Amino acid sequence: MKIYWFILAWVIVFGIMSQMRARYVCVGEGIYESRTNLFMAIMAFSIIIFFAGMRSYVADTSAYINIFNQYPLFSAAHDVIFDSSAREPGFRVFSILIKTYISQDYQVWLFIIATISGICIMYPLYKYSCNYGISLFLFMASCNFTWMFNGIRQYLVVSILFACTFLIEERKFIKYCIIVLILATIHKTAIVMIPVYFLAINKPWHKTTAIIIVGILLCMLFADKFLNVFTEVVESSSYAEGYKEIRKTDDGVNIMTIFVSLIPVTISFLFRKRLEKENDNEIMNIATNMSILATCMYIISKITRSGILVGRMAIYFTTYNLILLPWLIDKSFEIKERRLIKYIMIVCYIGLFYYQLNVAWNRLEYISKILNLKFL
């Protein structure tokens, strides 16, 4: 637990420093927003990448390490790569190539994955956030960062797709679709982002939003049987060990998670007319739609009692809240109100950070053999 508090402290200090070095840049016609410099953005985020890459055990990490150690080198990997009964081949190929041509040490493999995931999260925050320091604080305090320590295969896909947000912004569907299909070979859930593309490009809180919400509600009626079957399949698969490990620290989406996800959605809805008049910001329209989808997914997860399966799908969308919430606060409230809301937000999120790690996840452990660290 101490290691996570250390990371949070680092993020707060360097987040503040990054904002001190920020400058205003033009992001649209007559519209200027604060942007930090790339060096400070990297420095602030580097601590997360470092400890994620140096871990030996957190939640399902040991299951992934066992799988990596069992992979053969590329010359003898034909049967493993083309095994139709095994899961997504992209991750197998990616891991075998690293093991063959870079290192057979699982620590190097974990560090490479952590670096790719971290950079793919960090860069969009640097590029789009009007307050990088707050965005990074939210990434830590909301415990979104734990996906870099747990569930790394899916989060590798999530982070790369987050880095490809510019393709949605620029309406480059073919390129985006190709990337999604490639990433689906790493984790099949990526395929959901193809229909999500068409939802994300719409104006938030228009007719399309209502259709989405109605569709989500209808899905709830038929979700139980499918989820029961899916759970049985996962528990009997080669990933059963990792799945059981996840269940020890994550028993599903709790009501606090839903409440937190509702905050940006509620602000966006209440101030929708002001936001629409003041700024036609394409990236924030996309982020708003993603935030709505995240909340809907969490609600489904709670009702169907499948936080591990359905709840995990929300991570494709919750990352957008990191850039959306600071922007909403700046655009929806007056200067004095902003300061008060930010102070309240910081205190509440630190409380959430403590609750998630100590209560919900029963003191999330961290073990690193290479750093000789063990926090249980």
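Predicted model: local features only at pLDDT ≥ 70, side-chain atom pairs only at ≥ 80, totals over all residues.

Visitor: Which helix gives the most to the lining of the second largest cavity?

Guide: This cavity has a volume of about 40 Å³. Its lining is Val158, Leu161, Phe162, Met193, Tyr316 and Tyr320. By class that makes 6 nonpolar residues, with no polar and no charged ones. The top contributor, with 3 residues, spans 152-163: helix 8.

Visitor: Which element gives the largest share of the lining of the second largest pocket?

Guide: The pocket holds about 660 Å³ of space. Helix 1, strand 2 (31-35), helix 7 (132-141), helix 19 (321-332) and helix 20 (335-360) each give two or more residues to its lining. The largest share is 6 residues, and it comes from helix 20.

Visitor: Which residues lie nearest the centre of that pocket?

Guide: The lining has 21 residues. They divide into 10 nonpolar, 5 polar and 6 charged. Nearest the centre are Gln19, Asn131, Ile134, Asp330 and Lys342.

Visitor: Which residues make the nonpolar surface patch of about 400 Å²?

Guide: One member, Ile16, lies in helix 1, residues 2-20. Patch residues must have over 30% relative accessible area. The patch is made by Val13, Ile16, Met17 and Met20.

Conventions: Residues numbered from 1 in each chain as written. Heavy atoms only, no water. 1 Å grid on protein atoms, 1.4 Å probe; cavity = no way out; pocket = protein on both sides within 12 Å on 5 of 7 lines; lining within 4 Å. Points joined across faces, edges and corners; volume = space filled by probe spheres on them. Helix = DSSP H or I, 4+ residues; strand = E, 2+ residues; numbered from the N terminus. Nonpolar A, V, L, I, M, F, W, Y, C, P; charged D, E, K, R; others polar. Patch = residues over 30% accessible without salt bridge, like charges linked within 9 Å, V, L, I, M, F, W, Y side chains within 5 Å. Areas by Shrake-Rupley, 256 points an atom, 1.4 Å probe, with all protein chains shown as cover. Salt bridge = Lys/Arg side-chain N within 4 Å of Asp/Glu carboxyl O.
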